[in-house]
Amino acid sequence: MYRYESDYIMRMIHLLRLLMERLLGLTGAQQREAGEDEIAKVMGLLTGITPGAALTLSPDQLADVLGSDGEGVARRFALAEILRMQGDFYQRLGEDEDALRSHRRSAQMYFRSYDAPAELLRQAYPSVRAMFRQFFAEFDAKDFLYAGSFFEAVRAWDAAEDAYCAAETEEEALVFYDRLAAIDEDDLTAGGLSRAEVSQGRERIVKLGRSTAPPNP
């Protein structure tokens with residue numbers, strides 16, 4: 001990791017911690033307005049994106065704006081974290097529709113941060129896995145392919161399998177199963193799959209001639 005990336009990540013962690021504390025500490029009739037101000041401030045400092053743009057631009061447009069170099073990927077991750085906090089904030093206020101929009105976009109940006117530092121991905125994994133299940137029916141093929149990369153990065157093989165198969169892209173699914181063939185049994189088991197399940201999954205893809213989505217996980 002380059003020094004400027006490390007500096008950015010340290011700054012990101014500090015600002016996200018402060019944002020969480022401030023959002024949790026808000027009370028009174030004006031807390032939505034105050035919370036949105038805090039979110040906009042931190043989002044601007046860490047990503048240069050406004051809350052409105054974060055929800056109106058497509059996930060791929062946001063990823064392009066934020067960049068694909070080391071710091072750009074960290075900015076993608078920061079945006080995902082802020083959107084998750086925003087969703088949690090709206091949820092506490094009972095603003096369910098706004099919460100769902102923020103959480104869904106958060107998941108899409110987490111997926112596109114799959115090559116962020118491993119420790120950040122591992123910390124985010126429980127929330128990302130929960131949102132993957134929650135919005136499974138609403139993701140498109142590109143979301144699923146990025147989700148597969150995210151779950152591979154944290155070695156959650158069962159979730160990665162769900163994602164690659166849901167993308168309905170035979171080639172990607174078969175390449176994924178080929179990668180799993182090189183992983184030892186203990187690692188596979190820790191990630192939610194057995195060697196037999198890997199073989200069965202690959203055989204299913206070959207037999208059908210295309211990827212098929214498993215049931216909503």
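Among contacts in the protein chain between residues at least 6 apart in sequence, what percentage join residues at least 24 apart? In this model, which is a predicted one, the figure is 66%.

The protein chain has 12 helices and 0 strands, so that, read along the sequence, the pattern is simply α-α-α-α-α-α-α-α-α-α-α-α. Taken along the principal axes, the C-alpha atoms fill a box of roughly 60 × 40 × 30 Å. The radius of gyration of the protein chain is 18 Å, which agrees with the value near 17 Å that a compact globule of 217 residues would have. Of those 217 residues, 46% are buried.

Now I would like to turn to one pair of helices. Two packed helices are described by the angle between their axes and the distance between the axes. For helix α5, residues 70–92, and helix α6, residues 96–111, the axes come within 8 Å and cross at roughly 160°. Because angles over 145 degrees count as roughly antiparallel, α5 is roughly antiparallel to α6, and the crossing of the two is left-handed.

Which residues meet here? On the α5 side they are R76, F77, L79, A80, E81, L83, R84, Q86, G87, D88, Y90 and Q91, and on the α6 side they are D98, A99, S102, H103, R105, S106, M109 and Y110.

Technical notes
Residues numbered from 1 in each chain as written. Predicted model: local features only at pLDDT ≥ 70, side-chain atom pairs only at ≥ 80, totals over all residues. Heavy atoms only, no water. Axes fitted to C-alpha atoms, helices over the stretch in contact; angles between N-to-C directions. Helix = DSSP H or I, 4+ residues; strand = E, 2+ residues; numbered from the N terminus. Parallel < 35°, antiparallel > 145°, perpendicular 65-115°, else oblique. Left-handed = near helix turned anticlockwise from the far one by under 90°. Contact = heavy atoms within 4.5 Å. Rg over C-alpha atoms; globule rule 2.2 N^0.38 Å. Buried < 20%, exposed > 50% of the residue type's maximum accessible area, 1.4 Å probe, protein only.
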